[in-house]
Structures are given as structure tokens and as C-alpha cells.
Amino acid sequence: MPELDAIDRAIIDTLQGDFPLSERPYAEVAQRLGVVEADLLARLKRMLDDKVLTRFGPMFQIERMGGAFVLAALAVPEERYETVAAQVNALPQVAHNYRREHLLNMWFVLATEKPEGIAEAIAQIEADTGLPVHAFPKEKEYFVQMQLETRV
């Protein structure tokens, strides 16, 4: 993993949960950190490119916006795993996809603009793969604000 300097660590620590909602949020954060906006943006890009950060972006409550999401799983024969993963990941509704050591060895999140989009995405995956999708809709929501400090 690439080395992080003190500014990289400060960027990661600062951008967890307290992102400003303003016309120029990166300029505000850069000022707080004592760097220029262009440097902040370049560092974020580098950390994403180097896979220090796997994702940087907002978390939306999709149901409040009229959409839906569901956790889903497939039991994929090992010899077809890579092919099925490519088929599943090709759908824009697939937000995350993880391999697990379990009978249901492929788990993914479906997110759609409208609730009926979930059934459509499931039907598409089943048609593409020939495998049944096991959907696990959310029963209760919990909010856990996890913030990780970077340490040397």
C-alpha cells in the first residue's frame, strides 16, 4: 500500500461525516486543512487510483428519494463464478458485489430509482445467469456512524 503523509491522513480523517454542503465544499475543506483546493482534489484522486480509498461519495437514503434497494445472493457454481460476476456487475442497478465462502457465494446490493425496479433487475439477472436470485429486503434500519482514524 502506498505511504500516506500527514496531509493524506488529515484528509481521510476530516472527510468522514462532516462534508460541507456549500457551493465550493472542496475549497472549504482545503482551507480547514491548510492546503489549496487543487492539491486536495489531486490527493483524493491519487488515493482512489492507488486503492487507498475504494470509494468517496455520499450515502443516500434511497427510499426517501422514491427508490429501493435490497441485498441479494446467488449460489454460483465455481466454474461459472467469473462469468456470472461479469453478468451481474454489468447491470447498472448493482451497487456492490462480494464473494463469500458459503453456499450462497455471491452477494450483491441492488439499488433502483423506483421500487418496481428491484423485481425487474432480479428477473434480468435470473434470465442472464439461469440462476435463482435470493432477495433479502431490509426489515429494520440501523444507523451506525463509523469513523476510522488514520494512524501511523
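**Side-chain contacts and their labels**

Mentor: D49 and K45 are 4 residues apart in helix α3, so about one helical turn separates them. Keep in mind that this is a predicted model.

Trainee: What makes the contact between D49 and K45 a salt bridge?
Mentor: The N to O distance between their side chains is 2.6 Å, and the cut-off is within 4 Å. The pair therefore counts as a salt bridge.

Trainee: How many salt bridges are found in the whole structure?
Mentor: The search finds 9. One of them joins the side chains of R24 and E37, at 2.1 Å from N to O. R24 is in the loop between α1 (6–14) and α2 (25–33), while E37 is in helix α3 (residues 37–49), so this bridge ties together parts 13 residues apart in sequence.

Trainee: Why is E37 not called buried?
Mentor: Buried requires under 20% relative accessible area. E37 has 22%, so E37 is partly exposed.

Trainee: What does the salt bridge between K138 and E63 tie together?
Mentor: Their side chains meet at 2.9 Å, N to O. K138 lies in the segment after β4 and E63 in the loop between α3 and β1 (68–74), so the bridge connects parts 75 residues apart in sequence. K138 is partly exposed at 34%, and E63 is partly exposed at 34%.

Trainee: Which residues are linked in a network of salt bridges?
Mentor: D5, D8, D39, R43 and R46.

Trainee: Turning to the rings, how many aromatic pairs are there?
Mentor: The count is 2. In one, the ring centres of F19 and Y26 are 5.3 Å apart, with the planes at 70°.

Trainee: Why is the pair of F19 and Y26 called edge-to-face?
Mentor: The centres lie within the 6.5 Å limit, and planes over 60 degrees apart count as edge-to-face. At 70°, the pair therefore takes that name.

Trainee: What makes the pair of W107 and F136 stacked?
Mentor: Their ring centres are 5.3 Å apart and their planes are at 20°. Stacked needs an angle under 30 degrees, so the label applies. W107 is in strand β3 (residues 106–112) and F136 in strand β4 (residues 134–136), 29 residues apart.

Definitions and conventions:
Residues numbered from 1 in each chain as written. Predicted model: local features only at pLDDT ≥ 70, side-chain atom pairs only at ≥ 80, totals over all residues. Heavy atoms only, no water. Phe/Tyr/Trp six-rings, centres within 6.5 Å; stacked < 30°, edge-to-face > 60°. Helix = DSSP H or I, 4+ residues; strand = E, 2+ residues; numbered from the N terminus. Buried < 20%, exposed > 50% of the residue type's maximum accessible area, 1.4 Å probe, protein only.
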